[in-house]
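Dear colleague,

I am handing over the structure we talked about, and my notes on it follow below. Please read them with the model open beside you.

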Amino acid sequence: MTTLSTIATPEAWMARALVLARRGLYTTDPNPRVGCVLVNGGRRVGEGWHRRAGEPHAEIHALRDAGSAARGATAYVTLEPCSHQGRTGPCTKALIDAGVARVVVAMQDPNPLVAGQGIELLREAGIEVELGLLEEQARALNPGFIARMERRRPFVRLKMAMSLDGRTAMASGESQWITGPAARTEVQRLRARSSAVMTGVESIIFDNSRLTVRAEPLNLAQGEEIATRQPLRVVVDSHLRLPLAAACLREPGRTLIATCSDDAARRATLEQAGAQVLVLACDLHGRVDLGALLDHLAHHENCNEVLLETGATLAGAMLDAELIDEMHLFVAPTLLGGEARPLFALSGMQHMAQQRPLQIDDIRAIGKDWRIIARPRARG
């Protein structure tokens, strides 16, 4: 049983549950990150978080921590307790059986097939339920799970590194390294939390990136763990140009090549080299339909968060298609010159009225570099 000091307010108890939920940032995929705190008599008597998919949920860990002290307690949980039998039993039943008197929920389950059912079952059992405490913070913890449930697409986070004059590589394609070690560690963190890492074939041709998570430099916070899985590697390769010697084909985990090519022989060769080839429809420009690719990643791969690490062409196409949710732009204090490659290849922009506005959410130093977190704003 936990015997830590009293925290006075419901907001503080829920904030503690959110801190616990964050410990599963790298390990719960494709499940959401969830935390739970049990309070009885003004004291915390149990707490837990969802650690890995297939293992007990946050509420179960908290109930085990509290033992008999859970009877009559208030549960603060960051996501509506589940009401269905999956790989683990329903948390609503566990809370009811433990004699919990009140449940405070930060946000309703975004899955339209189950949303509200857990809350209804708790109320039918005579348990008081409060909904919406620190909901915004709870939603921020699970942008991918929410996007997959509500929009049926993953949350797409673009990462790019650039010089102070907005260039990402020399004209030859050489780009390693623009930013320093601290920024590259942040990129590893972004990969580790993602269901998939997506790039274009030209980035593989020029950089031969492995697209893997290296755990050594992550400097995990207290309580955080790293998943043993590697994120799905997705290469957008409209004409099947991926070299057979590409490093990503030799790494643990899966490499998915998205194409619209009908070259069956080349497809078979890549599959023999270890790739999985997904044939999709072409867009109007004869390239992979990117919306269809994201639909596939959500529906068939259960991808919550997709990290887009790529060059100007694919980044521009994703931005043109309004498929980017968030940008992490790392800016190095260096200049690459006017002949170097730009950040985005955006077509048809000749007038100021056509500019693409961004909402900047955060700017901070990362080692010797700067990181800008921004979101595309609606056109017009």
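Thr-199 is buried, with a relative accessible area of 1% (buried means under 20% relative accessible area, exposed over 50%, and partly exposed in between, with a 1.4 Å probe and protein chains only). Thr-199 belongs to strand E8, residues 196-200, where helices (H or I, at least four residues) and strands (E, at least two) are DSSP runs numbered from the N terminus. Beyond its neighbours within four places in sequence, Thr-199 is in contact with Ile-204, Leu-211, Val-234, Val-235, Val-236, Glu-309, Thr-310 and Leu-314, contact meaning heavy atoms within 4.5 Å.

Before going further, please keep in mind that this is a predicted model, in which local features need pLDDT of at least 70 and side-chain atom pairs count only at pLDDT 80 or more, while totals for chains, interfaces and linings use all residues. Residues are numbered from 1 along each chain as its sequence is written, and side-chain values use heavy atoms, with hydrogens and water left out.

**Backbone details**

Leu-211, one of the contacts of Thr-199, has a positive phi near 60° although it is a residue other than glycine. Leu-211 lies in the loop between helix H8 (201-207) and strand E9 (232-236), and is buried at a relative accessible area of 2%. Leu-240, which is not a glycine, also has a positive phi, of about 55°; Leu-240 is in the loop between E9 and strand E10 (255-259) and counts as buried at 4% relative accessibility. Asp-29 and Pro-30 are joined by a cis peptide bond with omega about 5°, and Pro-30 is placed in the loop between helix H1 (10-22) and strand E1 (35-40).

**The annotated positions**

An unreviewed UniProt entry lists as "binding site" Ala-161, Trp-177, Asp-207, Ser-238, Gly-311, Ala-312, Thr-313, Leu-314, Ala-315, Gly-316 and Ala-317. These residues span 157 residues in sequence and the farthest two C-alpha atoms are 27.1 Å apart, so they do not all gather at one spot. The UniProt positions are in the numbering used here, feature names are shortened, and annotations may be inferred rather than shown by experiment.

Thr-313 sits in helix H11 (residues 312-320) and is partly exposed, with a relative accessible area of 44%. Ala-315 is found in helix H11 but is buried, at 0%. Leaving out residues up to four places away in sequence, Ala-315 touches Leu-158, Met-160, Thr-310, Ile-324, Leu-343 and Phe-344, while Thr-313 is in contact with Arg-287 and Ala-345.

Trp-177, also listed in the entry, has the charged end of Arg-184 over its ring, 4.5 Å from the centre (a charge sits over a ring if NZ of Lys or CZ of Arg is within 6 Å of the ring centre and within 35 degrees of the ring normal). Arg-341 lies over the face of Phe-206, at 4.5 Å from the ring centre.

**An open sheet**

Five strands form an open sheet of mixed pairing, in the order E2-E1-E3-E4-E5, where two strands pair if DSSP finds at least two bridges between them. Strand E2 (43-49) and strand E5 (128-131) stand at the edges with a single partner strand each, so one side of each is left without a neighbour in the sheet. E1 and strand E3 (residues 74-77) pair in the antiparallel sense over four bridges, and Leu-38 has Ala-75 in E3 as its bridge partner.

With best regards
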